[in-house]
Amino acid sequence: MVGAGLLAAGLGPAPGKARAMSTHADPASEPQWGRGADGQRRADRGDGHFLNPIMAGDHPDPSILKDGDDYYMTFSTFDSYPGLVIWHSRDLVNWRPVGPALTRNIGSVWAPELCKHDGRYFLYIPTKGPNTSWVIWADHIEGPWSDPVDLDLPDHIDPGHAVGEDGSRWLFLSGGDRVRLSDDGLSRIGQPEHVYDPWRYPADWVVEGFSPEGPKIVRRDGYFYLITAVGGTAGPPTGHMVIAARAPSIHGPWENCPANPIVRTVSRDEAWWSRGHATLVEGPAGDWWSVYHGYEKDFWTLGRQTLLDPVEWTTDGWPRMRGGDLSRPLAKPLGGVSGPHGMALSDDFTSLALGAKWNFFKPAPDERARAAVADGALHLAARGRAPSDSSPLLLIAGDRSYRFECDIDIDPGVTAGLILFYDERLYCGLGFDADRFVTHQYGIERARPVNPHGCRMRLRVTNDAHIVTFDTSGDGGESWTRFDRGMEVSGYHHNVRGGFLMLRPGLYAAGSGRARFRNFRFSALS
């Protein structure tokens with residue numbers, strides 16, 4: 001069962017320690033966000049305006065549900081578990097975690113669909129490895145969520161739930177296909193069928209590939225609107241885009257919007273690259289908005305972040321995005337109720353915030369048993385030989401520059417440390433055993449200089465706009481020594497490695513025995 005107990009958010013910056021500012025740019029020349037816990041950037045500026053992203057860091061393929069006055073949203077979580085964290089808002093700008101809906105590893109989760117039908121919540125979940133789609137359901141958004149049911153859809157991703165004018169239930173799928181669902185939504189009827197040929201962009205546009213995906217259906221004023229992404233998800237910044245079509249019936253015929261694409265990055269100079277995978281949603285005051293994802297200019301490492309774009313309807317009944325390139329503040333949706341946003345990433349480990357905050361990477365079925373909290377410490381059983389096979393615990397950090405630090409003590413036979421982790425083949429960081437440090441770079445273990453601190457020390461990692469430094473302390477952070485290996489990590493991202501992930505801060509324990517992590521502190525720098 002999932003619920004409010006998973007929302008422990010940790011502590012803010014240590015008293016008396018001012019938030020340092022990155023030196024890579026003049027803050028006065030940058031668009032200014034609001035600031036939340038740990039100094040993390042926040043879309044809500046507090047002046048009636050917001051500045052994208054609404055969900056900073058890796059929150060791709062957003063699926064949003066309007067449920068009365070409440071909004072719920074979830075995202076692709078790939079190989080992170082517990083996964084499919086559901087977020088709640090009442091104004092479309094400020095979001096708080098409800099908790100994870102998926103606790104059992106069923107594969108790499110791609111582009112889920114969150115919906116509600118006849119009073120019940122559903123999540124349709126495509127996975128890679130195995131290639132199929134699943135469904136889980138709950139009578140309350142907080143859970144408990146059911147065990148996953150395999151829908152046996154090996155050749156499609158990105159399900160979009162729709163209910164026809166005759167009450168029939170459907171999943172629209174990648175490639176312009178769809179499949180009928182049973183009335184209870186827990187199985188499919190028949191095989192997928194092709195129903196829509198998406199609009200095609202001009203042949204000389206610079207894209208990654210056609211790749212029709214992310215179909216989302218909304219019904220308005222007698223039409224079903226089908227919103228689709230084409231052009232490829234990453235690759236060239238100008239590739240990914242949003243197109244629209246409509247039909248008088250869920251069964252078609254589908255007419256492409258004459259103004260397609262309705263969203264596209266047209267230049268690498270724009271603030272947001274590869275914008276796509278959109279859903280239309282009615283705002284609190286009855287106006288319309290769209291959520292979709294994009295990469296932040298020069299920060300592929302942060303993954304695809306969630307963006308909010310105002311929508312207007314033309315006189316001939318088509319949606320048109322009004323936010324431009326989303327580089328400047330926009331007026332907040334009217335009629336909503338603002339609240340706190342996000343959560344602290346700092347953690348005093350009085351409770352174990354698995355799911356909403358910490359996630360295992362590619363966990364084994366027994367991974368949860370490795371972690372426990374006691375006496376203000378996270379006790380983590382070691383596994384594997386390095387971060388690559390130890391299933392590290394990771395966070396989503398959405399700032400361009402940040403610092404994190406932690407007290408670590410280890411049993412003999414354990415190597416533990418702090419890392420920036422993309423996947424098992426691409427990561428960097430600093431660890432130690434009782435005698436030596438170990439430097440992680442490019443996903444391999446490199447230098448092993450002598451460790452003067454033994455089995456206990458405080459480690460600090462600073463990521464200043466891709467420039468990474470490490471510091472060590474033998475006196476709990478009263479004094480620091482710069483470690484003699486810095487790194488540049490701007491290439492630790494999808495267009496180098498694949499996988500659609502982000503570079504995430506985290507911690508690991510490898511070998512045999514246990515490591516204890518205390519007083520984890522995260523501070524956004526810009």
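What percentage of the contacts in the protein with a separation of 6 or more comes from residues 24 or more positions apart? Such residues account for 58% of these contacts, where contact means heavy atoms within 4.5 Å.

This is a predicted model, in which local features need pLDDT of at least 70 and side-chain atom pairs count only at pLDDT 80 or more, while totals for chains, interfaces and linings use all residues. Residues are numbered from 1 along each chain as its sequence is written, and side-chain values use heavy atoms, with hydrogens and water left out.

**The whole protein**

Along the principal axes, the C-alpha trace spans about 70 × 50 × 45 Å.

Of the 526 residues, 61% count as buried. Buried means under 20% relative accessible area, exposed means over 50%, and partly exposed lies in between, using a 1.4 Å probe and protein chains only.

The side chains include 54 positive and 65 negative ones, and the centres of the two sets lie 4 Å apart. Lys and Arg count as positive and Asp and Glu as negative, leaving out His and the chain ends; each charge is placed at NZ of Lys, CZ of Arg, CG of Asp or CD of Glu.

Strand E41 covers residues 504-511, and seven of its eight residues are buried. Two strands pair if DSSP finds at least two bridges between them.

| Strand | Sense of pairing with E41 | Bridges | Residues facing each other |
|---|---|---|---|
| E31 (residues 393-394) | antiparallel | two bridges | Leu393 and Leu507 |

**Arg425**

Is Arg425 buried or exposed? Its relative accessibility is 59%, so Arg425 counts as exposed. Leaving aside residues up to four places away in sequence, Arg425 touches Tyr442, Gly443 and Arg497. The C-alpha atoms of Arg425 and Gln441 are separated by 10.0 Å, and these two residues are 16 apart along the chain.

Methods:
Helices (H or I, at least four residues) and strands (E, at least two) are DSSP runs, numbered from the N terminus.
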